[in-house]
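Let's take a friendly walk through a protein model. Please keep the sequence and the 3D view open as you read.

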Amino acid sequence: MCGIVYKSNFYSSTSIIDFIKACEALNHRGPNEFGYLFNDHHSFGHKRLSIIDIENGKQPMSILNHHLIYNGELYNTDDLKLMLNNKNVPLENHSDTLLLLKLLINYGQDALNHLNGIFSFVYTNKDEVMAVRDMFGVKPLYYTIMDNDLFIASEIKSILKYKKEAIVNSEGLCELLGMGPSHSQGKTVYKDIYELKPGHMLLFNKDKGLEIKEYYKLEAYPFDLSYKETVKKVKEVLDKAIKRQLQSDVGVSTFLSGGLDSSIISTIVAKNIGAIDTYSIDYEDNKESFKANAFEITEDRDYAKKVSEAIGSTHHNIVINNETVAEYLKKAVDMKDSPGMTDIDSSMIYLSEHIARDHKVALSGEAADEIFAGYPWYYKKDNSNMFPWIRNIEYRENLLNNKYKEKLKLKEYIQKEYDMAISEAPILDENNKIDTRHKQLSYLNIKYFMANLLDRKDRMTMASSLEVRVPFCDKDLVELLYNVPYKYKYRYKTEKKLLRDAYKDDVIKDVISRKKSPYPKSNSKKYNKIVISLLKEALDNKDSILYSLFDSDRLKELINSNDELEVPWYGQLMRRTSLLAYLYQIDYWYKKYNIRIED
C-alpha cells in the first residue's frame with residue numbers, strides 16, 4: 001500500500017526530509033506497503049519489494065529537492081544508463097530507483113518517452129508533484145482530492161483510510177454491476193476516487209492545480225513486412241523482451257500452464273538461465289468434473305508436465321481445495337478493494353503464496369491473447385457493437401430490482417463507455433473495414449480486458465510479495481502487433497498462428513498445435529454447493545445490500561436453479577457459479593468496507 005499527500009499550504013520552513021524519516025518509521029505493515037504521515041505537509045515513505053540492488057534501492061530516494069517513490073521494474077536499463085552517460089551523469093550503484101530519479105532530474109517529462117517496464121511512481125521537485133503510471137497499467141495508481149489535499153496511492157484502501165468513508169454513487173454501481181468485474185478506464189467503484197489511466201501522468205502544483213496528461217499512446221502505421229518477415233520479427237522482439245526481464249538479484253521462476261504463451265516464456269527462460277522452477281494451478285475435483293466446452297477444449301496438467309520435461313524444469317502443480325477457493329473469495333476482495341473475478345482470483349492468490357515461498361519474481365504469459373488475437377471474439381462474427389467480454393447484459397439488468405434497473409440503466413452506461421473507447425482507437429485507413437475493426441478490437445482488448453487481467457495479476461500476486469513480469473506487455477512488442485495485419489494473426493483458421501509459427505522450432509509440437517485454453521476455473525460441484533451456502537447465509541441477514549440492489553425473487557431463482565447460464569456473464573468462463581460468488585463478494589465487500597450507497 002502506498003500513499004502520498006500534497007497539501008496546498010505545503011512548503012513551510014519544515015524540511016521534507018524530516019517527514020520522510022518519520023514516514024519510514026511507519027513502515028511496519030508489510031513488505032510491500034508504504035506508510036505515510038501527513039499534517040499540513042507534503043510527506044511520503046515507502047518500504048518496497050526490492051528485486052535489483054536490494055541494499056541501494058531503499059525508498060523514498062532523495063537528491064537535494066528531488067524525491068522519488070517508485071514501484072516496479074525498468075527493463076531497458078542499458079539504454080537509460082547510456083542517456084545519463086551522454087550527459088556525464090554518474091550512477092553510484094545499479095539501483096533502478098536511482099537511475100529513474102536521475103533521469104527525471106536531467107530529462108524531466110521527456111524521460112517518460114524512453115522508459116520500458118512496469119511502474120508507477122511519484123516524483124516531486126520543489127513544489128511540483130508528478131505521478132506516472134506505466135504504458136499498459138501493469139502497476140496500479142489512484143488519486144483523490146479532498147479539502148485541497150491531493151492524495152495518491154497504489155491501493156484504494158490507503159485512500160479510504162485518509163477519507164474515512166467509502167461512498168458509492170450511481171456511477172460506481174454501474175461500474176460494479178455493469179462493467180464489473182472489470183472497470184472503465186480512469187474510474188473506480190468509489191465516489192471521487194480515480195484511477196490514473198495507463199500511459200498517463202498527473203501533474204500538480206499549488207499555482208496551476210491538477211492536470212492529467214497522456215504521455216504514451218498507441219499509433220497506427222503502414223505495415224509492409226511479409227508474413228515470413230513478420231514471423232522472424234515477432235520472435236526477435238519477444239525473445240529480447242523475455243531476456244531483458246530476466247534481470248534480477250533474486251532469481252526468477254515462471255508460470256507454466258502448458259498453454260502456448262506460458263510455454264514459450266518458460267522455454268526461452270530455461271534456455272537462457274538453465275534449470276528453473278515452473279508453476280501451475282489446478283482445482284480439487286477438476287479432473288473428475290471437467291467437461292470440454294467452446295472455450296476449454298483440454299486441461300492444463302498434462303501439457304504443463306510435457307513442457308516441463310522438455311525444458312528440464314522443476315515443475316510444481318499446485319492444487320487448491322474447494323474450501324480454500326471459497327475462503328479466499330474474501331481475501332481477493334481485500335486485495336482488490338472491490339469484488340472481482342471470484343475463483344480465479346482465489347486460485348491466483350493461493351498459487352502466488354506457494355511460489356513466494358522460494359521466489360520473489362515470476363514471468364507470466366498475460367497479454368498474448370490481446371495482442372495476437374487469441375480470443376474467440378476476434379474471429380467469430382459479432383454484430384452486437386459492445387464489449388465482447390461483458391455478456392448477458394439483459395440478465396444483469398433483470399437481476400436488479402425495479403428501482404435500480406430504472407435508475408442505473410446499465411446497458412446505456414456500458415454502451416456509452418464502449419462507443420467512447422471505439423472512437424479513441426488509432427486507425428490508419430477507415431475505408432479498410434477489416435483492418436479498422438481489428439484495430440478497434442485490439443484497442444478495446446488492450447485498454448480494457450488486458451488492463452483488467454493485469455490489475456488482477458498484480459493485486460493477487462503482490463498479496464504474497466511476488467512480482468510478476470509480463471513479457472507480452474513489452475512496449476515494442478505491443479506496438480508491433482497493433483499494426484500487424486489480422487490475416488497474419490488468424491491464419492488458416494488458426495488463432496495466434498503468427499505466434500505459433502514464430503516458436504515452432506523452440507516449443508514442443510503438442511503445445512504448438514494445442515487449442516487455446518483460458519486460465520482455469522473450478523468446475524467442482526462441491527465448490528458450487530459451498531458458494532450457494534455462503535450466499536444463502538448472507539441473505540439470511542435482511543439488511544444485506546443484496547436486498548437493496550436486487551430483485552429477491554430472481555436471486556432465489558438463480559440460487560435454486562440447476563440450469564447453467566447459456567452465455568457467460570463475463571469473459572469466457574464466468575457463468576452461474578461465478579455470478580453467485582460475485583454476489584457473495586458484493587455482500588462481504590459492503591459490510592467489510594462499511595460502504596455507503598449515495599442515492
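This is a predicted model: local features need pLDDT of at least 70, side-chain atom pairs count only at pLDDT 80 or more; totals for chains, interfaces and linings use all residues.

Residues are numbered from 1 along each chain as its sequence is written, and side-chain values use heavy atoms, leaving out hydrogens and water.

A search of the whole structure finds 8 cavities of 30 Å³ or more. Here a cavity is a set of points, on a 1 Å grid over the protein atoms alone, where a 1.4 Å probe fits but cannot get out; lining residues have an atom within 4 Å of a point. Points are joined across faces, edges and corners, and the volume is the space filled by probe spheres set on them.

Look for the second largest cavity, with a volume of about 190 Å³. Its lining has 19 residues, and His183, Thr188, Val189, Lys336 and Ser338 lie nearest its centre. Helix H5 (170-179) and helix H17 (433-462) each supply at least two lining residues. Helices (H or I, at least four residues) and strands (E, at least two) are DSSP runs, numbered from the N terminus.

A cis peptide bond joins Gly180 to Pro181, with omega about 5 degrees.

Now follow the chain to Ser465, in the loop between H17 and strand E16 (467-469). Its phi is near 60 degrees, a positive value in a residue other than glycine. Lys493 also has a positive phi, near 55 degrees, and sits in the loop between helix H19 (486-489) and helix H20 (497-502).

How values were computed:
On a 1 Å grid over the protein atoms alone, a cavity is a set of points where a 1.4 Å probe fits but cannot get out, and a pocket is an open set with protein on both sides within 12 Å along at least five of seven lines; lining residues have an atom within 4 Å of a point.
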